[in-house]
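Here's a quick briefing on the chain shown below. Have a look at the model first, then read on.

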Amino acid sequence: MDEKIYKTMNGAGAMNIVIGVVTLAVGIASGVLLIINGARLLAGKSKILL
């Protein structure tokens, strides 16, 4: 019984680490894309106002 609990906890811990890394990567990528698109919008604003 203890071995089954140990294996379950081991699998859950590994899966949490994997999900955490994927979430971190997606968060950083989306943040960078938002910054780039915001900068483009601000740069293009002067062309519209003139």
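Glu3 and Lys7 both sit in helix α1, four residues apart, which is about one turn of the helix. Glu3 forms a salt bridge with Lys7, with 3.5 Å between the closest N and O atoms. A quick note on where this comes from: the model is predicted, local features need pLDDT of at least 70, side-chain atom pairs count only at pLDDT 80 or more, and totals for chains, interfaces and linings use all residues. Residues are numbered from 1 along each chain as its sequence is written, and side-chain values use heavy atoms, with hydrogens and water left out.

**Salt bridge**
- Searching the whole structure turns up one salt bridge, a term that stands for a side-chain nitrogen of Lys or Arg within 4 Å of a carboxyl oxygen of Asp or Glu.
- Glu3 is exposed, and Lys7 is too; the cut-offs are under 20% relative accessible area for buried, over 50% for exposed, and partly exposed in between (1.4 Å probe, protein chains only).

**Overall fold**
- The C-alpha trace spans about 75 × 10 × 5 Å along its principal axes.
- The chain has a radius of gyration of 22 Å, while a compact globule of 50 residues would come in near 10 Å; the radius is taken over C-alpha atoms, and the globule rule is 2.2 Å times the number of residues to the power 0.38.

**Distances along the helix**

**Surface and exposure**
- Buried residues account for 0% of the 50 residues in the chain.
- The accessible surface is about 4700 Å², and 75% of that belongs to carbon and sulfur atoms; areas come from the Shrake-Rupley method with a 1.4 Å probe, and for residues only the protein chains shown count as cover.
- Ala14 has a relative accessible area of 42%, so it is partly exposed.
- Ile48 reaches 70%, so it counts as exposed.

**Nonpolar patch**
- Met15, Val18, Ile19, Val22 and Val26 make a nonpolar surface patch of about 460 Å²; patches are made of residues with over 30% relative accessible area and no salt bridge, joining like charges within 9 Å and nonpolar side chains (Val, Leu, Ile, Met, Phe, Trp, Tyr) within 5 Å.
- Met15 has its place in helix α1 (residues 2-49), and it counts as partly exposed because its relative accessibility is 48%.

Conventions: Helices (H or I, at least four residues) and strands (E, at least two) are DSSP runs, numbered from the N terminus.
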